[in-house]
Structures are given as C-alpha cells and as structure tokens.
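Here is a short briefing for a first look at this molecule. Keep the sequence and the 3D view open while reading.

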Amino acid sequence: MFSKEKLLKRIEVNPKIMTGKPVIKGTRLPVQQILLLLAQGISIEEIVQEYDITRDDIFACILYATEMLESTIVIPISA
C-alpha cells in the first residue's frame, strides 16, 4: 500500500504529453480513460492486462480524480 503522495507521483501532467491531460507517468494513458473503463464495468485485472499497467496505477488515477474533485466548487445553475 502506498501513501497518498507516492500514489499521486504516478500521475504526470505535461503539456507535451496528450496536450497536458493527466496521464499515468511513463505512458500516454490518460487518467480519464482509466476512469471511463472502470465506469463501464471493466475490471481492474482486465485493465492491468490490456494496458500493461499496475493496480497501483489505477488506484493513483482514482486518487487523482478524488483530489481534483475535492478542490472543485460546483455552482448550481437554474434553468
């Protein structure tokens, strides 16, 4: 089990890689893609095998998304 800081170091944001989208470090695999696969019901094991990443990479994606949402302010807009 990794600490928050160690997990978050697995995510990289670089304007030269995927136009600055957060990716799993050392890959061109966006965090968003991993989250979408999980939301579609693809298992962690299937993702690990298909994309040659680790379970900790997937947990890092989830943690990164959680951290981003934590600092997001939602302002309801009425119709």
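In which kind of crossing does H2 pass H3? The crossing of H2 over H3 is right-handed. This is a predicted model.

**H2 against H3**
- Helix H2 spans residues 31–39, and helix H3 spans residues 44–51.
- Their axes come within 10 Å and cross at roughly 140°.
- That angle makes H2 oblique to H3.
- On the H2 side, the contact is made by Gln33, Ile34, Leu37 and Leu38.
- On the H3 side, Ile44, Ile47 and Tyr51 take part.
- By class, this contact of H2 with H3 has 6 nonpolar residues, 1 polar residue and no charged ones.

**H3 against H4**
- Helix H4 covers residues 55–70.
- H3 and H4 pack at an angle of about 115°, and their axes are 9 Å apart.
- The two helices, H3 and H4, are therefore roughly perpendicular to each other.
- H3 passes H4 in a right-handed crossing.
- H3 contributes Ile44, Glu45, Ile47 and Val48 to the contact.
- H4 contributes Arg55, Ile58 and Phe59.
- The residues of the contact of H3 with H4 comprise 5 nonpolar, no polar and 2 charged.

- Val31, Ile34 and Leu37 of H2 are buried.
- These residues cover an arc of only 125° around the axis, so they lie on the same side of H2.
- An α-helix has 3.6 residues a turn, so residues three or four places apart point the same way.
- The buried residues of H2 are covered by elements including strand S1 (11–12), strand S2 (23–24), H3 and H4.
- Gln32 and Ala39 are exposed, on the face of H2 turned away from its buried side.
- Just after H2, Gly41 takes a positive phi of about 90°.

**Asp57 in H4**
- Asp57 is found in helix H4.
- Is Asp57 buried or exposed? Asp57 has a relative accessible area of 8%, which means that Asp57 is buried.
- Setting aside neighbours within four places in sequence, Asp57 is in contact with Arg10 and Ile24.

How values were computed:
Residues are numbered from 1 along each chain as its sequence is written. This is a predicted model: local features need pLDDT of at least 70, side-chain atom pairs count only at pLDDT 80 or more; totals for chains, interfaces and linings use all residues. Side-chain values use heavy atoms; hydrogens and water are left out. Axes are lines fitted to C-alpha atoms, for helices over the stretch in contact, and angles run from 0 to 180 degrees between N-to-C directions. Helices (H or I, at least four residues) and strands (E, at least two) are DSSP runs, numbered from the N terminus. Angles under 35 degrees count as roughly parallel, over 145 as roughly antiparallel, 65 to 115 as roughly perpendicular and the rest as oblique. A crossing is left-handed if the near helix is turned anticlockwise from the far one by less than a right angle, and right-handed if clockwise. Contact means heavy atoms within 4.5 Å. Ala, Val, Leu, Ile, Met, Phe, Trp, Tyr, Cys and Pro count as nonpolar, Asp, Glu, Lys and Arg as charged, and the others, Gly among them, as polar. Buried means under 20% relative accessible area, exposed over 50%, partly exposed in between (1.4 Å probe, protein chains only). The arc is that of the directions from the helix axis to the C-beta atoms.
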